[in-house]
2 protein chains.
Amino acid sequence: MTSSRNQEDMKLARGQSSVDTEKLHIFLWGEREWQARQRIESILAKDPVFDRSRRPFLTRTELYHRALAMTNRLHELQEQHKWSAEDANLAFRILDEPLPIQLHMAAFEPVIRSQGGPTLNAQYGALIAHRGILGSYLQTELGHGTNVAALETTATYLPATREFELHSPTLTASKWWIGALGRTATHGVVQARLILPSGADAGPHLFFVQLRSLEDHRTLPGITIGDIGPKAMGGYAAVDNGFARFDRVRIPKEQMLSAFAGVTDEGEYVKPPHAKLSYGGMLYIRSSMVSSGGWTIAKAATIAIRYATVRRQGNKGKDGLERQVITYPSVYHRLLPILAHAYVFIALGRNLTASFAALLARLSAGDTALLPEMHATTAGLKVLVSSTAIGDLETARRALGGHGFSAFAGVGRLYADYVPAATYEGDNFVLDQQVVRAALKAHDALTRGAGALTPSAAYLRLLVAQDAEAQAEAEAEAEAKGGWGDPRTAVELLERRAAHMVQERARHARDPDASMDQRVSRAVTDAFVAVQVSEIVRGLEGDVGEKDAAVLRKLYTLHLLTAVESGLVDILSFGLLGEAGPGGDPSRSLRVAIKGLCEELLPEAIRLSDGFGFSDWELDSALGVYDGNVYETLYKAAQSEPLNKSEISAGYELHIRPMLERGQRLAGAKL
Amino acid sequence: MTSSRNQEDMKLARGQSSVDTEKLHIFLWGEREWQARQRIESILAKDPVFDRSRRPFLTRTELYHRALAMTNRLHELQEQHKWSAEDANLAFRILDEPLPIQLHMAAFEPVIRSQGGPTLNAQYGALIAHRGILGSYLQTELGHGTNVAALETTATYLPATREFELHSPTLTASKWWIGALGRTATHGVVQARLILPSGADAGPHLFFVQLRSLEDHRTLPGITIGDIGPKAMGGYAAVDNGFARFDRVRIPKEQMLSAFAGVTDEGEYVKPPHAKLSYGGMLYIRSSMVSSGGWTIAKAATIAIRYATVRRQGNKGKDGLERQVITYPSVYHRLLPILAHAYVFIALGRNLTASFAALLARLSAGDTALLPEMHATTAGLKVLVSSTAIGDLETARRALGGHGFSAFAGVGRLYADYVPAATYEGDNFVLDQQVVRAALKAHDALTRGAGALTPSAAYLRLLVAQDAEAQAEAEAEAEAKGGWGDPRTAVELLERRAAHMVQERARHARDPDASMDQRVSRAVTDAFVAVQVSEIVRGLEGDVGEKDAAVLRKLYTLHLLTAVESGLVDILSFGLLGEAGPGGDPSRSLRVAIKGLCEELLPEAIRLSDGFGFSDWELDSALGVYDGNVYETLYKAAQSEPLNKSEISAGYELHIRPMLERGQRLAGAKL
């Protein structure tokens with residue numbers, strides 16, 4: 001087989017597709033951002049500092065130094081090209097590599113801004129914005145994660161000197177996993193239990209602490225700092241996640257983050273107006289995980305769809321060529337739903353960013369009314385997006401067959417960097433319980449007839465049988481229903497499933513089975529997403545025009561149908577899909593509809609993935625190259641492996657030759 | 001919290017458990033092997049060549065050389081301690097690291113022995129056995145995997161000189177992914193299409209080829225060899241998977257592996273007596289994957305159960321301590337089924353080894369009657385075990401919470417080395433189709449009334465309504481049925497599900513939905529395993545005595561119930577679990593039974609995992625240490641990170657300081 005065949009196949013595939021890639025770029029990125037993206041990407045891609053060809057061969061220490069070099073260079077470019085802060089953020093997103101600076105950007109800077117209070121912000125705000133100091137966020141401890149109330153680090157207020165004394169009383173109190181702490185950060189925000197002069201424990205609060213000298217970067221007295229070592233599967237290698245122990249380190253009173261809570265000079269505690277006012281930062285990180293999860297899936301989907309288009313395997317057709325693997329049902333049935341997830345999460349993330357801005361405006365005015373709703377929504381979405389994306393990345397990798405296990409395929413790297421998303425920013429299993437708690441609260445209010453349903457609990461309206469409006473709506477829906485091809489069919493089913501699951505969970509409030517909370521949380525979030533998707537679908541024509549909207553509508557419907565498919569156990573358990581019986585499988589019509597949709601979408605797959613707009617430099621995958629020239633690219637990449645530098649391995653004289661000589665002696669043969 | 005608390009918790013947990021660990025060792029390993037294992041492990045664990053403390057920090061080149069050193073040392077120890085070949089194999093299994101030599105052992109040696117014919121074996125048999133030459137097995141090509149008929153490498157017979165000419169006509173014909181080829185092997189078995197003097201293509205055959213000089217290890221003329229580069233997630237780093245291209249390389253006629261097929265001096269093809277006689281090797285590798293998958297799961301289960309026993313998180317109890325995380329339903333519901341999988345696959349693997357020995361004896365007598373059955377069984381089991389184990393490893397890693405993402409936790413390394421099992425030795429999605437084909441064939445024979453059902457298709461008997469014997473059996477079973485606590489309930493349900501799935505698949509023979517083959521394959525294999533498990537359960541009392549049998553019986557039943565749970569979509573689709581309806585969830589009784597079983601097993605979890613008998617050196621996990629001293633071990637491990645060698649990173653002057661100075665300048669502040 002020749003390599004030009006690959007490129008020919010790719011051209012043919014693009015020729016068969018009808019969607020307008022440019023329209024997709026703008027739909028997915030927004031017009032302004034897509035233009036900025038093009039401009040910035042072309043600068044980064046040709047700058048040698050951002051070269052990726054040696055990346056697979058570097059040690060952690062080398063990767064860490066490369067990350068610093070890239071960060072410094074990016075800020076240099078920002079100054080040179082007069083990029084706005086927004087442009088610089090976009091540049092980091094385009095770079096899309098885990099870097100120490102991200103903790104400064106995602107945690108340190110926002111928490112100082114929102115909770116630091118005027119004094120700290122006046123003193124440090126500009127320095128933080130321009131990276132005149134580099135921050136980290138010290139929460140998790142070696143022995144403590146999810147339950148911040150149990151953190152062991154203390155900040156004891158000393159009225160005599162108006163200072164706090166930070167202390168790590170035990171080994172397990174060591175701050176641990178703190179990004180950028182190991183070798184980089186000059187400052188940090190430390191979460192510690194506030195101990196008042198009365199001896200009372202006021203619980204966890206935040207304190208601004210300098211960690212390293214701004215003269216020579218030496219660790220300040222009383223602090224022990226280090227890197228916690230390599231991560232699983234080589235993930236996050238360039239980030240210096242670190243540990244720190246404090247031995248009675250004193251900081252001035254002004255360094256408590258005091259926008260909401262505080263201490264008087266005498267040591268009286270000043271309560272925050274609302275216990276959850278400080279949750280904004282965490283909600284921001286969780287809500288931004290929706291679109292970033294979508295973009296990560298998008299990369300894997302692009303790589304897998306491109307490779308499956310040019311890879312030929314199996315029986316030969318009339319043209320003497322084996323089939324393109326993407327034409328096998330077992331392959332496209334895995335890849336097209338992944339493509340749909342990316343489109344869903346990207347659009348959903350945009351909606352969420354808007355909701356979050358509204359929340360923030362209300363919060364800064366001391367209004368916390370939107371908090372519980374936003375909290376429940378983002379918790380459920382964080383679980384859904386992170387578990388879906390982790391699964392999708394591995395599904396995409398396996399769809400590459402054997403070559404998917406090559407580092408040059410690029411999907412393994414995406415996986416290793418993404419997989420901690422299941423446990424960071426709230427362990428998914430813990431968040432599930434929060435989603436269930438909110439759903440049960442809404443269910444309880446509904447049964448007590450108290451208050452209106454919030455959007456995240458709207459599905460519960462289906463439980464109110466006597467509600468005439470709901471009845472009418474259901475009948476109208478049933479009438480309008482055009483089978484599985486109509487998105488409303490799936491949306492309604494997913495909402496009914498959520499309603500029944502929550503009702504069942506309430507019924508067994510005291511003795512749920514061991515996996516029930518996971519299933520209820522999933523059902524509730526699936527229903528929420530389904531409603532959002534149906535709204536996105538309604539807006540498509542306005543977004544991309546009639547022709548492309550027809551294609552995207554199918555893609556979003558595929559998401560809905562596969563969500564129903566993955567929820568079939570619940571749906572069948574509650575008899576929501578008609579009669580089951582030995583006469584046949586009632587889920588078959590759904591599965592046949594999914595297959596049909598996939599077949600209709602198949603010719604559009606290449607351009608739908610082109611629509612994300614990734615360059616070859618961004619994907620950095622031998623199997624995902626735009627022109628389809630996968631085998632030559634893979635072959636060339638292999639030549640750069642350090643083991644290939646010499647014809648004979650240094651291990652030959654030391655180990656191989658003695659082994660061969662021993663073997664020949666024992667076999668009584670000398671060759 | 002103090003570290004002694006961890007050790008205290010571990011002691012208490014062991015004290016609460018009733019099972020006899022020593023009996024479990026012998027049940028799982030067999031008496032002779034357990035004794036040998038103890039002896040060999042103690043030698044390896046204290047030998048510095050097998051030290052693992054630097055492993056997380058080594059480059060691929062260093063890991064490759066370490067692998068060679070370990071291999072050479074192991075053969076040195078074999079000679080020194082007069083280990084049998086069986087002992088040496090056991091030593092490699094205890095070492096349990098991917099090594100180049102494994103391809104010699106698992107592929108090269110067996111294929112020469114079974115298919116090499118007398119001449120090759122006389123000349124090379126002893127050399128191969130004693131590693132006087134080192135082999136590799138060259139099948140997969142850059143452009144070709146599953147479909148060996150499409151391989152491009154040719155071996156053209158030249159009658160004039162009685163030679164074969166090996167040739168790689170294109171880039172995509174390059175052999176690729178070949179273990180030990182990159183830098184190690186001296187010889188290889190090459191799969192190439194045999195071209196006869198007539199020009200006829202006789203399809204793929206095997207040829208023995210010397211690759212490197214035995215004098216100086218240089219690559220022989222006409223051959224281009226190299227390493228294919230790093231693997232995803234750092235997996236298989238120490239193995240030199242390689243590529244090779246042949247430029248008209250000539251080998252004597254005797255180097256064709258000719259036990260079954262051959263060529264006359266004149267170039268006439270000599271057909272093999274049975275087309276599938278050469279399948280033995282692949283079946284051997286696949287069947288050995290059952291127990292090795294079980295032992296891999298066992299390691300992850302041991303680590304996760306130990307850590308979850310000492311990790312405390314959540315609300316504090318009366319003793320002022322947070323709860324042990326293993327007591328949370330969402331944790332034990334994930335970990336105990338994994339433990340059960342390990343026990344199932346280990347026992348199943350032993351049965352399979354016995355079946356394979358029987359098959360091999362028949363095959364060497366030219367009798368291929370058992371082949372199709374063994375082929376279908378091992379294909380299904382390979383898919384089931386590899387997908388289960390991959391899922392279980394990641395489930396175990398996530399159950400470790402945030403610390404599970406540390407390389408020192410050890411589970412990420414197990415995952416990275418194991419995950420290619422889904423695509424090697426037959427891609428799981430391709431194998432599913434073979435399982436379905438065999439099931440449909442059996443179904444077809446049954447409906448035609450032809451022949452008896454083989455063990456792998458025994459579940460189909462349930463479709464024969466008029467079969468009086470089956471009726472009686474079903475009634476007797478129904479009578480004996482003691483609900484979910486009786487293993488027969490789950491076994492019967494899993495068999496019924498398989499029967500219905502195959503019948504449904506036959507009904508839609510021409511238009512299966514896109515995921516149907518995966519579901520049918522899983523249902524068929526689940527049923528086969530369930531029957532085997534029920535037989536293992538019957539033998540337990542004889543194996544470990546009444547008291548421990550009662551515990552193991554629960555563990556094996558847990559496997560059956562969770563298999564039913566994961567098959568609920570099919571089971572509900574065919575109405576096999578009674579009526580579904582809005583009145584409640586018919587699957588609840590199953591889930592409550594699973595929770596109940598887990599709660600009964602919970603106090604035994606620590607000793608059931610101790611039963612595998614892994615030493616701390618074997619597990620190499622800071623979170624899985626035997627004594628529970630996890631935090632101190634993790635803290636110590638972090639100190640060895642190379643980034644911690646100097647207080648100030650070399651990147652400070654180069655990158656951090658310029659960044660800080662720029663930021664301070666832009667902020668108009670000098671600190």
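Modeller: Start with helix 3 (residues 31-46) and helix 5 (residues 85-95) of chain B: their axes come within 10 Å and cross at roughly 65°. The axes are lines fitted to C-alpha atoms, for helices over the stretch in contact, with angles from 0 to 180 degrees between N-to-C directions. Helices are DSSP runs of H or I with at least four residues, strands are E runs of at least two, and numbering starts at the N terminus.

This is a predicted model: local features need pLDDT of at least 70, side-chain atom pairs count only at pLDDT 80 or more, and totals for chains, interfaces and linings use all residues. Residues are numbered from 1 along each chain as its sequence is written, chains are lettered from A and ligands numbered from 1 in the order in which they are written, and side-chain values use heavy atoms, with hydrogens and water left out.

Back to the pair. Helix 3 of chain B passes helix 5 of chain B in a right-handed crossing. Right-handed means that the near helix is turned clockwise from the far one by less than a right angle; left-handed means anticlockwise. Helix 3 of chain B brings R32(B), E33(B), A36(B), R37(B), R39(B), I40(B), E41(B) and L44(B) to the contact. From helix 5 of chain B come E86(B), D87(B), L90(B), A91(B), R93(B), I94(B) and L95(B). Contact means heavy atoms within 4.5 Å. By class, the contact has 7 nonpolar, no polar and 8 charged residues. Here Ala, Val, Leu, Ile, Met, Phe, Trp, Tyr, Cys and Pro count as nonpolar, Asp, Glu, Lys and Arg as charged, and the others, Gly among them, as polar.

Next, the end of helix 5. D96(B) sits in the loop between helix 5 and helix 6 (101-115) of chain B. Its phi is positive, about 50°, although D96(B) is not a glycine. D96(B) counts as partly exposed because its relative accessibility is 38%. Buried means under 20% relative accessible area, exposed over 50%, and partly exposed in between (1.4 Å probe, protein chains only).

Now the other copy. Chain B can be laid on chain A with an RMSD of 0.0 Å by a turn of 180° and a shift of 0.0 Å along the axis. That is the relation of a two-fold axis. The superposition is by least squares on C-alpha atoms of residues with pLDDT of at least 70 in both copies. The same surface serves both copies, as 100% of the contact residues of chain B recur in chain A.

In chain A, helix 5 (residues 85-95) has these buried residues: D87(A), A88(A), L90(A), A91(A), F92(A), I94(A) and L95(A). They pack against helix 2, helix 3 (31-45), helix 4 (60-80), helix 6 (101-115) and helix 20 of chain A. After helix 5 of chain A comes D96(A), with a positive phi near 50°.

S17(A) lies in the loop between helix 1 (3-16) and helix 2 (21-29) of chain A. S17(A) counts as buried because its relative accessible area is 7%. Leaving out residues up to four places away in sequence, S17(A) touches P603(A), E604(A) and R607(A). D620(A) is in the loop between helix 20 (616-619) and helix 21 (630-639) of chain A. D620(A) is not a glycine, yet its phi is positive, about 45°. At 22% relative accessibility, D620(A) is partly exposed.
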